[in-house]
Amino acid sequence: MLANSQGRLQDRRPLSIIDIGSNSIRVVVYEGLARSPTVLFNEKMLAGLGRGIVSTGKLDPEAVTRSMEEFRRFRSLSAQAGAEKMYVLATAAAREAVNGPDFIHRAEDVLGTEIRVLSGRQEAYFSALGIICGFHPAHGIAGDLGGGSLELVDVAGEAVGDGITLPLGGLRLQDMAKNSLPQAQKIARAELTRAKLLKTGKGETFYAVGGTWRNLARLHMQMTGYPLDVMHHYQLDVEAVAPFLRQVAKGEVEKVKGIEGVSKNRRSLLPYGAVVMQEIIAAMQPSRIVVSALGVREGFLYSLLDEEARKADPLISAAEELARLRSRSLTHAHELVDWSGKAFRIFGIDETEDEARYRQAACLLADIGWRAHPEYRGKQSLNIIAHAAFIGVDHPGRAFLALATAYRYDGIFNDGVSSEIKALATPRYLERARVLAGLMRVVYLLTAAMPGVMPRLKWEDRGEGTLALVIPADLAGLYGERPAGRLAQLAKIINRRLVLAVEGGPSVTVK
């Protein structure tokens, strides 16, 4: 009997990372080293190691005791989950506290492995790699706000610029300002004048990393009724978010609609996160703020990949993995990628780089819902895809991926498909999702979702604006009323005259 279920990728070797931060410590077990990391297990503890470090110079004694107890549990959890390798990373509080070396020594004894105490430069570097890992491509300034420090670093594609570490982590800023938010604002403004890279990033994207900023974004989602509860690539308009930041920065967190969606343990640091964000916006004047669910841990994993693996597209990698796990035929999915691309070109539909990527991912994901009840395949597929832990895709792109499969099952003219997800898609994405779904609805009826047929289906120009979908003579038995009817629907979507034909036989006009 296999220890791993068939829902796991059998060629992956689990590994874990224990992240010792100034506010929280966390163990994350990953399915394996991959371009798009998948989490097997994740647990955190808000230890507060860095609380009071400004006044005492030491790690909080109670937090140290609690952390040691948790380290024993984390080590056991890592082993129980089958992690073949465990990495332990420590950041600002552990490297700066007077008793930091003693804490690290004790923790190494408990964990049974070496702890990598990251310098500020290393922390900034791995944060930048986390952004490179999670966005395709990444261009702008990455800011990782922890409990003890803020790391800022310039990212341009695969290139990482020089970073800077500032003492603006939530716990530290609260301590330095003696719980005064106006004083925190002054401190943040003064410290950020040292970050010259912010000026050079004017008009670019600011990538917000770290638990405080993620919870700030979650609160904004709750307040605005945002239709998708996915944090990665959540985008904030700089001008539109200003009133929200002002309210939180005044300490009026409990008055914000949706505050119950944020853990009580996290709420006290939200105003300090808002203060720092306000000052970054003032100093940098970014075009937009984009929230990242990936940070130092994922950046560290990315650093372990070989060069070829780094070059892989994270979205396509994840979509292919899901297709391997849940579709009837991965080969058929790849055939759909190629065939739909040719169809788009023949139809005269141009694609940007991202549109081509998203179409490819949608084809790979098209059949992941086949085990569901026929009446619910569309809804189930839409929910899985819209809320999947994908990276390398923005929220309108997620909507396109989800809608393409939903329309495939529920009909390309079905206006009842999720209004919330449709609201995220651009009109261009909505149209293309219907076209792609229309192609899927035709071709799945001709292939029975099995490979070998699609590469032999050809589009031929019959003149006067007529296109023929030609079935090979030896597969003439696949011709029928249902695929013909589906082709008629597609014809209406692309506004072209289409005919269904068998090679060597008469063509049939689709009306």
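1. The expected span of a helix is 1.5 Å times one less than its number of residues. In this predicted model, helix α16 covers residues 330–347, which is 18 residues. From first C-alpha to last, α16 reaches 26 Å, close to the expected 26 Å.

2. After the helix comes Gly348, which has a positive phi near 80°.

3. Which residues of α16 are buried? They are His332, Ala333, Glu335, Leu336, Val337, Trp339, Ser340, Gly341, Ala343, Phe344 and Phe347. An α-helix has 3.6 residues a turn, so residues three or four places apart point the same way.

4. The packing partners of these buried residues include two strands, β12 (458–463) and β13 (466–471). Helices α17 (353–365), α21 (427–447) and α22 (481–494) also pack against the buried residues of α16.

5. UniProt, in an unreviewed entry, lists residues 315–499 as "domain: Exopolyphosphatase C-terminal". That span is 59% helix and 8% strand, and its end C-alpha atoms lie 35 Å apart.

6. The chain as a whole has 22 helices and 15 strands. Its radius of gyration is 26 Å, close to the 24 Å given by the globule rule for 511 residues, so the chain is as compact as a globular protein of that length. Along the principal axes, the C-alpha atoms fill a box of roughly 90 × 55 × 40 Å.

7. Of the 511 residues, 58% count as buried. The chain exposes about 21,800 Å², with carbon and sulfur atoms supplying 48% of that area. Among contacts between residues at least 6 apart in sequence, 70% join residues at least 24 apart.

Technical notes: Residues are numbered from 1 along each chain as its sequence is written. This is a predicted model: local features need pLDDT of at least 70, side-chain atom pairs count only at pLDDT 80 or more; totals for chains, interfaces and linings use all residues. Side-chain values use heavy atoms; hydrogens and water are left out. UniProt positions are given in the numbering used here, feature names are shortened, and annotations may be inferred rather than shown by experiment. Helices (H or I, at least four residues) and strands (E, at least two) are DSSP runs, numbered from the N terminus. Buried means under 20% relative accessible area, exposed over 50%, partly exposed in between (1.4 Å probe, protein chains only). Contact means heavy atoms within 4.5 Å. The radius of gyration is taken over C-alpha atoms; the globule rule is 2.2 Å times the number of residues to the power 0.38. Accessible areas come from the Shrake-Rupley method with a 1.4 Å probe; for residues, only the protein chains shown count as cover.
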